[in-house]
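Subject: Structure handover and notes

Hi,

Here is the structure for your set. My notes follow below.

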Amino acid sequence: MAETEIKAPITAPALREYPCIPALQPGAMDGVKPYVANDKVQEEVGFPGHLVDDWQPKALAKMGDLLGRYRSLKVFMDACVHCGACSDKCQYFLASGDPKNMPVARQDLMRSVYRRHFTLAGKLFPGLVGARELTKEVLDEWYSYYHQCSECRRCSVFCPYGIDTAEVTMAAREILDSVGYGQKYSNEIIAKVHKIGNNLGLPGPALANTLEGLEEDIKEDTGIDVRYPLDVKGAEVLLVTPSADFFAEPHIESLIGYGKVFHAAGISWTLASKASEAGNFGMFIGNYEHLRKIALRVREAALELGVKRIVVGECGHAWRVAYQFWNTLTGIGAGAKDPFAIQLQSQLDQRYRQPMHICEFTWDLIRQGAISFDKAANDHRVITFHDSCNVARASRMGDSPGGQFEIPRAIIRACANHYVEMAPGTTHEQTFCCGGGGGLLTDDLLDLRIKGALPRMESLRQAADERGVNFMATICAICKAQFTKVLPYYGFKMSMVGGVHQLVSTAIKLGDK
């Protein structure tokens, strides 16, 4: 009888003095990959149920389609000169030492196939230009290493040609899906959103019950009736927030903060059961059709409820999708030209940015004097701020460049007395990913996630030891979920992470509005 295999417990890498470039460890992450989606999940989202027999020509055909549709992808395939500027910028390489997790090497997994089938030199002299065939071994390599990229785009900040590794990763995942080789985690979530309206599969009645319980808790805590309305027609604001805000810790503390802001300012608002999810995993798998279908739920909810403004809660990639894609995908903001988009544009109040991030919304109210704080209520916290990658490198807030960095920090300073920054080179546009973004927030990739968090944990440890930091604020649902999972592996408490609006909730002065 064969002995049962006992897996070694997952441990965190040792913290080092930042920055530290690791020694190369070829093959260190070879074969690390998420669970493959089963046939039911694949078919629910319109992909083949398993790896198709003629996968190679279909994969190459899909690659050709993407190269023809997205000019940027072809530019990224051709432009790289292997200068090495990106090689030590990825958190997964810095933690694992696996050279295939250097952004340039991860790109080359696709670039080598591109050269073999889509360039003259690769067709005639493959060995001279690093071209190779798309074999099953290469496809497996794609599945492994393109799911060791969080699409955070940190490497792109340092690339002199602006090559976007995230777009390469998205293209690879879309090719994999098209031949029946999809990721279980992301595709299951997309199916839930299409069926129910959110990533967690939380139906409308359960959501309503959750919000009622939240109102009762806040009444008991504050003595004030703060409402968390659902599907209220005629409300001024539709809040679209990540579904984790409805029950997960510490996410729900930010939801409590949103409600208190609306209450204190006297602004009517509502959530929508049809659009009870700000996240959009269509972006993670690189699929435009799913990206648009999920985003359209927000438009449908806004039209049904007749709202005048759309505000997005604390979610990094959700804000990127809203900021970069909603205008042309759905007509939220100028862009789309179909009749329903035009109807929505005429319905929304164009005196305000459409859509607006909850931090923009709150900061505008602070500047107007519409809400105020007892800053001393947060005096038990020494706070730092983790810039979430999709907010930092793929969006903006406010009316001036850099608003996505300054506005969240300004809110923190407005409601707390003790704020410090982490080390230069680890924040703002050079921030490190939490290690769990881009569709990697699944326990079958826990070892990868713990490793990917290493650079941020190193800078946090430095801030904690030298400046007494005991709370790290962030405005991303994935960052909150990732950090609560990995912080204990590095000797921190789970409660050390929370949202900006958790701090707002602690300090805001509530009146009768």
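Which residues form a nonpolar patch on the surface? Leu-120, Leu-124, Phe-125 and Leu-128 do, and together they have about 490 Å² of accessible area. Patches here are made of residues with over 30% relative accessible area and no salt bridge; like charges are joined within 9 Å, and nonpolar side chains (Val, Leu, Ile, Met, Phe, Trp, Tyr) within 5 Å. Areas come from the Shrake-Rupley method with a 1.4 Å probe, and for residues only the protein chains shown count as cover.

Before the rest, the ground rules. This is a predicted model: local features need pLDDT of at least 70, side-chain atom pairs count only at pLDDT 80 or more, and totals for chains, interfaces and linings use all residues. Residues are numbered from 1 along each chain as its sequence is written, and side-chain values use heavy atoms, with hydrogens and water left out.

Surface patches

Helices (H or I, at least four residues) and strands (E, at least two) are DSSP runs, numbered from the N terminus. Leu-128 is exposed, at 73% relative accessible area. The classes are buried under 20%, exposed over 50%, and partly exposed in between (1.4 Å probe, protein chains only).

There is also a negative patch, formed by Glu-212, Glu-216, Asp-217, Glu-220 and Asp-221. Asp and Glu count as negative, Lys and Arg as positive; His and the chain ends are not counted. A charge is placed at NZ of Lys, CZ of Arg, CG of Asp or CD of Glu. Asp-217 belongs to helix α11 (residues 204-222). Its relative accessible area is 49%, so Asp-217 is partly exposed.

Salt bridges

Side chains of opposite charge can pair when their charged atoms come close. The rule used: a side-chain nitrogen of Lys or Arg within 4 Å of a carboxyl oxygen of Asp or Glu. The count comes to 34 salt bridges.

- Asp-65 pairs with Lys-62, with the closest N and O atoms 3.8 Å apart. The two are three residues apart in helix α2 (residues 55-69), so about one helical turn separates them. Asp-65 is partly exposed at 33%.
- Arg-227 and Glu-215 meet at 3.4 Å, N to O. Arg-227 lies in the loop between α11 and β1 (237-240) and Glu-215 in helix α11, so the pair ties together parts twelve residues apart in sequence. Arg-227 is partly exposed at 48%, whereas Glu-215 is buried at 15%.
- Arg-351 bridges to Asp-349, with the closest N and O atoms 2.7 Å apart. Arg-351 is exposed at 70%; Asp-349 is buried at 17%.
- Arg-353, Glu-360, Asp-364, Arg-367 and Asp-399 are linked in a network of salt bridges.

Contacts across the sequence

Contact means heavy atoms within 4.5 Å. Tyr-258 lies in helix α12 (residues 251-265) and is buried, with a relative accessible area of 0%. Leaving out residues up to four places away in sequence, Tyr-258 touches Leu-239, Thr-241, Asp-245, Gly-313, Glu-314, Ile-358 and His-501. Tyr-258 and Ile-358 are 100 residues apart in sequence, and 7.7 Å apart C-alpha to C-alpha.

Thr-222 is in helix α11 and is partly exposed at 29%. Beyond neighbours within four places in sequence, Thr-222 contacts Lys-260 and Leu-510. Thr-222 and Leu-510 are 288 residues apart in sequence, and 8.7 Å apart C-alpha to C-alpha.

Best wishes
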